[in-house]
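Subject: Structure for you to look at

Hello,

Here is the structure I said I would pass on. Please open it before you read the notes under it.

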Amino acid sequence: MRTTCFLGGLAIFLVALVVIAAYYYFRHRRRQRFPYGDWESLLKRLTLVDRDAIALIALDLIDESGRRRTEEDDSALEPSRIFTLIGGLEGLKVLERNCAVLVDLAFYVQQWYPEALAVAEHLRLNTREIEWHVSRLKGAARTGKLETAFADSAQRAIATYYMMTRRVLALYENGNLPGVEDLQRAL
């Protein structure tokens, strides 16, 4: 009787051990396949921003194609207006966090659309540029010169972010990928 109970307990233990091992094995495989998360988790990581304000600020500096405006058609928003529209340094920090999600969205597309690698690498470079502008503004805030540095650096960072969102949307639209509508609403 003791041997039967022992073998039954051992069998239950081994079955539980196999179930736990299988659970973690498949969880690990799923994470390797989608290291940036699934579609819903990627979209949840995006912080909502005022798209109209971003477009207004960006298109004041660049045209729709991303080229810098020339002097004669440059309308130049006031620095205080840019500060208000974007929400100051905190608003730029939100854009900076969203940049990482945009890169992850481009890498997510690579499963079905291998050409997305080039877009993802370009987005990564844009992210570094925005990080540089934000760190420059943080330094200016520490020295009390945020007002003078904000307009130029912030507007360049916002224009870069605007173009990043356009590239991600174009990537999803060109690839005819599912979720384009969700992405358009989120960006």
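Predicted model: local features only at pLDDT ≥ 70, side-chain atom pairs only at ≥ 80, totals over all residues.

Helix H5

Helix H5 runs over residues 88–109, which makes 22 residues. Buried here means under 20% relative accessible area.

H5 and H7

Helix H7 covers residues 146–174. H5 packs with H7 at an angle of about 25 degrees, and their axes are 10 Å apart. Angles under 35 degrees count as roughly parallel, and H5 and H7 are therefore roughly parallel to each other. The crossing in which H5 passes H7 is left-handed.

H6 and H7

H7 also meets helix H6, which covers residues 116–143. The axes of H6 and H7 come within 9 Å and cross at roughly 165 degrees. That angle makes H6 roughly antiparallel to H7, because angles over 145 degrees are counted that way. The crossing of H6 and H7 is left-handed. Sorted by class, the residues in the contact of H6 with H7 are 16 nonpolar, 6 polar and 4 charged.

The annotated stretch

An unreviewed UniProt entry carries the annotation "transmembrane region" for residues 6–26. In the model, the chain over residues 6–26 is 100% helix and 0% strand. The end C-alpha atoms of this stretch are 30 Å apart.

Two single residues

Is Arg 142 buried or exposed? Arg 142 sits in helix H6, and its relative accessibility is 67%, so it counts as exposed; the cut-off for exposed is over 50%. Arg 142 and Asp 38 are 104 residues apart along the chain, and 38 Å separates their C-alpha atoms.

Leu 48 lies in the loop between helix H2 (39–45) and helix H3 (51–61). With a relative accessible area of 69%, Leu 48 is exposed.

Regards

Key: Residues numbered from 1 in each chain as written. Heavy atoms only, no water. Helix = DSSP H or I, 4+ residues; strand = E, 2+ residues; numbered from the N terminus. Expected span 1.5 Å × (residues − 1). UniProt positions renumbered as here; feature names shortened; annotations may be inferred. Axes fitted to C-alpha atoms, helices over the stretch in contact; angles between N-to-C directions. Parallel < 35°, antiparallel > 145°, perpendicular 65-115°, else oblique. Left-handed = near helix turned anticlockwise from the far one by under 90°. Nonpolar A, V, L, I, M, F, W, Y, C, P; charged D, E, K, R; others polar. Buried < 20%, exposed > 50% of the residue type's maximum accessible area, 1.4 Å probe, protein only.
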